[in-house]
Amino acid sequence: MIRTLRLKYLLTYLWIFSISLAGLAQEIPTDPAIIKEGESLFKANCQTCHRVHQKLVGPALADVYNRAPSIDWIKAFIRNSAAVIASGDEYAVKLYNEYNKTQMTAFTGLKDDQIMAILAYIKDETIKGPPQAQPQPGPAGQQVTTGVPESYLNVILIGLVVILVLLVIILGFLISALKRLIDQKPLSEEDRELVHSTVTLSTVVRSKGFLFIVVFFATTLAVKAVINGLYSIGIQKGYAPKQPIAFSHKLHAGAYEIDCKYCHTGVLKGKSATIPSINICMNCHSQVKTESPQIQKLWAAADWQPETKTYGPNQQPIEWVRIHNLPDLAYFNHAQHVVVGGIECQTCHGPVEEMEVVQQYSLLTMGWCIDCHRKTDVNAKGNAYYDKLVELHSKQSKQPMKVEDIGGLECAKCHY
Ligand code: HEC
Ligand code: HEC
Ligand code: HEC
Ligand code: HEC
Ligand code: HEC
Ligand code: HEC
């Protein structure tokens with residue numbers, strides 16, 4: 001009896017010992033350079049579905065290296081989760097069911113030390129703890145008003161009212177001073193009556209001052225209306241139409257940091273940035289926030305059958321209202337500006353990641369295009385195509401090569 005107990009203890013010791021050995025061999029690195037590498041790997045491959053401290057499409061990964069069966073298990077799962085699940089692994093199957101049978105992407109190409117780098121980043125973030133001030137997404141569907149900002153107009157109106165009140169007070173002082181002056185002089189009975197006549201409603205309404213105030217307010221309101229009108233005629237800046245589904249960039253691109261290019265795939269390829277198809281939304285929304293009426297609209301458009309997890313035959317595209325629109329005579333190419341020119345979306349579209357409803361940020365006039373082509377240096381670094389041009393240019397001028405120097409002001413470049 002005692003012997004078997006001893007044996008049991010011995011085996012347990014051996015077991016713990018071997019586990020800590022395995023643990024030693026698989027120590028998660030703490031070198032800052034590796035953590036940095038892990039961060040960029042995480043952002044490039046995992047960020048669309050995972051956060052460290054927050055459940056997204058997949059689980060929050062904080063502490064996963066302690067929770068999952070082993071580091072080797074994590075490696076196998078990342079490389080091919082489907083295989084681990086198919087093998088009947090209890091932990092994997094439970095997780096898979098918990099996440100509504102969402103398949104994680106297989107990362108067959110990730111090497112051992114790359115996965116260890118990602119884990120190093122996750123561990124570093126786990127130790128740091130969740131960030132304090134999470135950006136709070138505002139209420140969806142909030143409208144952005146066009147025209148002169150309401151707050152400015154209110155300030156102007158309040159200022160005018162204050163000036164009017166001051167005028168009335170000063171007038172009051174003047175009247176009483178004048179009365180005192182007149183009283184010192186001998187006056188006829190008639191004049192005295194006039195001076196001391198009481199103010200009645202009808203005298204006020206008939207007075208010039210009243211007329212002035214009425215005319216003044218009427219003109220102010222008319223001017224406000226005209227200014228508002230001017231701001232929205234022709235010029236489309238600030239245009240923010242109501243969309244069929246209350247999609248928020250502030251939430252998706254801001255709070256959840258989804259890359260613009262994940263949805264606007266066209267920017268890398270050509271002219272149009274493209275609006276994402278329903279399939280891209282459904283990558284997440286077949287599981288995320290499914291109870292929301294807005295997501296139900298998305299499901300209806302996709303004809304999504306939640307029971308069978310398939311799309312039905314009656315799909316209709318969502319009719320997003322187009323915001324930016326150049327006239328047909330002008331040619332603009334996204335890839336040229338974003339990929340070749342290296343210009344950030346925000347330079348032309350403003351802080352979209354803060355917008356609940358997207359609005360047109362730039363004027364999009366010919367003057368706007370030309371102005372930037374005059375000012376902006378060509379991004380020629382690492383682009384062999386430009387080497388000759390740069391060489392030619394630097395012979396003629398000391399200034400860096402601008403877009404205008406490569407023909408950015410030629411009519412035919414922008415007009416068919
Ligand atoms: C397409 C979305 C998606 C991407 C991209 C993705 N994952 Fe996952 N991941 C999931 C889902 C969903 C689960 C939950 C298990 C399941 O449903 O298969 C999961 C589970 C995991 C788990 C197990 C978590 C636990 O609680 O034990 C780890 C570890 C993991 N992912 C790591 C990664 C890493 C590292 C990357 C990037 C290289 C990555 N994932 C990219 C969706 C994704
Ligand atoms: C999750 C997907 C998604 C992401 C991420 C995303 N967008 Fe969008 N974007 C959309 C959808 C859907 C629309 C059309 C509905 C709307 O206007 O809100 C749109 C519309 C736009 C428009 C207006 C298009 C028009 O009609 O003229 C611009 C500009 C834009 N996005 C820029 C960006 C930028 C810049 C980013 C990154 C900071 C970004 N988007 C990230 C899905 C996305
Ligand atoms: C990478 C994942 C992802 C993609 C892709 C994505 N979303 Fe979302 N979406 C989310 C998350 C996460 C939330 C916030 C859920 C929450 O509040 O709990 C959300 C919230 C929403 C909401 C708000 C729902 C509500 O009632 O609060 C709408 C509407 C929405 N998404 C529409 C879209 C549309 C349309 C697309 C495609 C253009 C899209 N989403 C693509 C992850 C995604
Ligand atoms: C140099 C300025 C500039 C940059 C940089 C830029 N855009 Fe645009 N964007 C425009 C103009 C101009 C239009 C209107 C194009 C038209 O009507 O043909 C537009 C239109 C759009 C549209 C509307 C629909 C479409 O398919 O054209 C979307 C969406 C969009 N941009 C997203 C983006 C995203 C995302 C990025 C960054 C990856 C980006 N843009 C970078 C100037 C820019
Ligand atoms: C934020 C600055 C910026 C704005 C705004 C801008 N561009 Fe450009 N554009 C560039 C840069 C930088 C390049 C050079 C890209 C490259 O290296 O090829 C370029 C190149 C071009 C080219 C190719 C020129 C050539 O000689 O190859 C065309 C065409 C063009 N832009 C059209 C437009 C139009 C149309 C608009 C307005 C709707 C516009 N751009 C607005 C910065 C801008
Ligand atoms: C960098 C790009 C670019 C260049 C270079 C350029 N344009 Fe334009 N042009 C535009 C854009 C964009 C518009 C549309 C602006 C709008 O809708 O307000 C436009 C509009 C116009 C219009 C007005 C059309 C209308 O219907 O109102 C005329 C005319 C015009 N361009 C002529 C020219 C001539 C002539 C040249 C050469 C000297 C030239 N453009 C060079 C981008 C360019």
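Residues are numbered from 1 along each chain as its sequence is written, while chains are lettered from A and ligands numbered from 1 in the order in which they are written. In this predicted model, local features need pLDDT of at least 70 and side-chain atom pairs count only at pLDDT 80 or more, whereas totals for chains, interfaces and linings use all residues; side-chain values use heavy atoms, with hydrogens and water left out.

Ligand 2 is surrounded by 22 residues (a residue being near a molecule if one of its heavy atoms lies within 4 Å of it), the closest being H249, C260, C263, H264 and H324. By class, this shell holds 13 nonpolar, six polar and three charged residues, where Ala, Val, Leu, Ile, Met, Phe, Trp, Tyr, Cys and Pro count as nonpolar, Asp, Glu, Lys and Arg as charged, and the others, Gly among them, as polar. The side chain of H264 places an N or O atom 2.8 Å from a nitrogen atom of ligand 2, a polar contact being a pair of N or O atoms within 3.5 Å. A backbone N or O atom of I323 lies 2.8 Å from an oxygen atom of ligand 2, and a polar backbone atom of H324 is 2.7 Å from an oxygen atom of the ligand. Two or more residues of the shell come from each of α12 (249–255), α13 (260–263) and α17 (345–349), helices being DSSP runs (H or I, at least four residues) numbered from the N terminus; the largest share, three residues, comes from α17.

The iron atom of ligand 4 has H334 (NE2) and H349 (NE2) as its protein donors, at 2.0 Å, donors being N, O and S atoms within 2.8 Å of the metal (3.2 Å for Na, K and Ca). H334 in helix α16 and H349 in helix α17 are 15 residues apart. H334 is buried, at 16% relative accessible area, whereas H349 is partly exposed, at 24% (buried means under 20%, exposed over 50%, partly exposed in between, with a 1.4 Å probe and protein chains only).

The iron atom of ligand 5 is coordinated by H337 (NE2) and H373 (NE2), at 1.9 to 2.0 Å. H337 lies in helix α16 (residues 334–340) and H373 in helix α18 (residues 366–375), so the pair ties together parts that are 36 residues apart in sequence. H337 counts as partly exposed at 22% relative accessibility, and H373 as buried at 13%.

Methods: Polar contact = N/O pair within 3.5 Å; in protein donor to acceptor, adjacent residues only side chain to side chain.
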